Amino acid sequence: MTATPPAGSETGTAEPGGAPPPARRRAIVILTAVALVAFLADLLTKHFALLALSDREPVKLLGGAVYLSLTRNSGAAWGIGGDHTWVFPLITIGVVGWIGWMALRLRSLPWAVSLGLVLGGALGNLGDRIFRAPGHFVGHVVDMISLFDPYGQVWPVFNLADSSLLCGVVLAVVLELTGRQRDGSRLGRDKSADAVPAGQRERA
């Protein structure tokens with residue numbers, strides 16, 4: 001006789017009253033916390049960059065490996081798409097909606113970190129697009145970090161939101177390549193387990 005798993009167990013069933021299972025609650029908490037930290041860190045660094053770097057030459061750090069150089073970017077990396085600034089907020093809103101949809105079945109903590117980084121970075125730059133000059137939904141993003149050159153000739157000048165986005169995307173690619181699913185399962189492991197007959201698994 002097979003025992004019935006308790007309500008709200010790690011199998012993903014909802015608890016009494018419609019509450020989400022513990023695994024999903026933990027994942028949502030981690031996603032929200034990571035996104036909030038990334039967003040606030042980006043907001044604060046942009047605020048201090050505007051105070052400390054306006055109307056001055058780039059600040060050289062680490063022997064020239066890093067420069068603090070305040071710029072305002074109307075487009076993507078290297079100013080690409082600068083004549084169509086209004087497109088970027090729409091793309092970002094789509095990304096935020098996609099993350100919200102993904103969160104409906106999220107159980108994996110690594111995926112929660114990845115999506116939280118992407119969400120925090122997306123919201124950081126979205127805030128610039130909506131609220132900064134020259135106007136709503138056409139605002140220029142505040143960037144301040146340049147690698148190996150003070151004016152972004154080697155690598156585009158970026159901010160913490162860009163770094164958060166990049167780290168989140170790289171982590172997502174790693175999770176996909178290793179078969180880790182957003183519901184907490186492991187693709188390769190599940191398939192290999194299903195391929196072995198039950199009797200052989202018991203004897204092993």
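Me: Which hand does the crossing of H2 and H3 have?

Reply: A crossing is left-handed if the near helix is turned anticlockwise from the far one by less than a right angle, and right-handed if clockwise. The crossing of H2 and H3 is left-handed. This is a predicted model: local features need pLDDT of at least 70, side-chain atom pairs count only at pLDDT 80 or more, and totals for chains, interfaces and linings use all residues.

Me: At what angle do the axes of H2 and H3 cross?

Reply: Helices (H or I, at least four residues) and strands (E, at least two) are DSSP runs, numbered from the N terminus. Axes are lines fitted to C-alpha atoms, for helices over the stretch in contact, and angles run from 0 to 180 degrees between N-to-C directions. Here helix H2 spans residues 87-102 and helix H3 spans residues 109-131. Their axes cross at roughly 150 degrees and come within 10 Å. H2 and H3 are therefore roughly antiparallel (under 35 degrees is roughly parallel, over 145 roughly antiparallel, 65 to 115 roughly perpendicular, the rest oblique).

Me: Which residues of H2 and H3 make the contact?

Reply: Contact means heavy atoms within 4.5 Å. H2 brings residues including Phe88, Ile93, Trp98 and Met102. H3 answers with residues including Leu115, Leu119, Leu123 and Arg129. By class, the H2 contact with H3 has 14 nonpolar residues, one polar and one charged. (Ala, Val, Leu, Ile, Met, Phe, Trp, Tyr, Cys and Pro count as nonpolar; Asp, Glu, Lys and Arg as charged; the others, Gly among them, as polar.)

Me: How do the axes of H3 and H4 lie?

Reply: The H3 and H4 axes come within 7 Å and cross at roughly 150 degrees. H3 and H4 are therefore roughly antiparallel to each other. Their crossing is left-handed. On H3, the contact includes Trp111, Leu117, Gly121 and Asn125. On H4, Leu165, Gly168, Ala172 and Leu175 are among the residues that take part. The class count for H3 with H4 is 13 nonpolar, six polar and two charged.

Me: Is Leu175 buried or exposed?

Reply: Buried means under 20% relative accessible area, exposed over 50%, and partly exposed in between (1.4 Å probe, protein chains only). Leu175 sits in helix H4, residues 160-177. Leu175 is buried, because its relative accessible area is 4%. Set aside neighbours within four places in sequence, and Leu175 is in contact with Pro110, Trp111, Ser114 and Arg180. Take Ser114: Leu175 is 61 residues away in sequence, yet 9.0 Å away in space, C-alpha to C-alpha.

Me: What is the strand order in the sheet?

Reply: Two strands pair if DSSP finds at least two bridges between them. This open sheet has three strands in the order S1-S2-S3, with antiparallel pairing. Strand S1 (59-61) and strand S3 (141-147) are the edges, each pairing on one side only. From one strand to the next, the twist averages 35 degrees. S1 is joined by three bridges to strand S2 (residues 66-73), and the two run antiparallel.

Me: Now the backbone. Where is there a cis peptide bond?

Reply: Most residues other than glycine have a negative phi, and most peptide bonds are trans. In this model, the bond from Ala133 to Pro134 is cis, with omega near 15 degrees. Pro134 lies in the loop between H3 and S3.

How values were computed. Residues are numbered from 1 along each chain as its sequence is written. Side-chain values use heavy atoms; hydrogens and water are left out.
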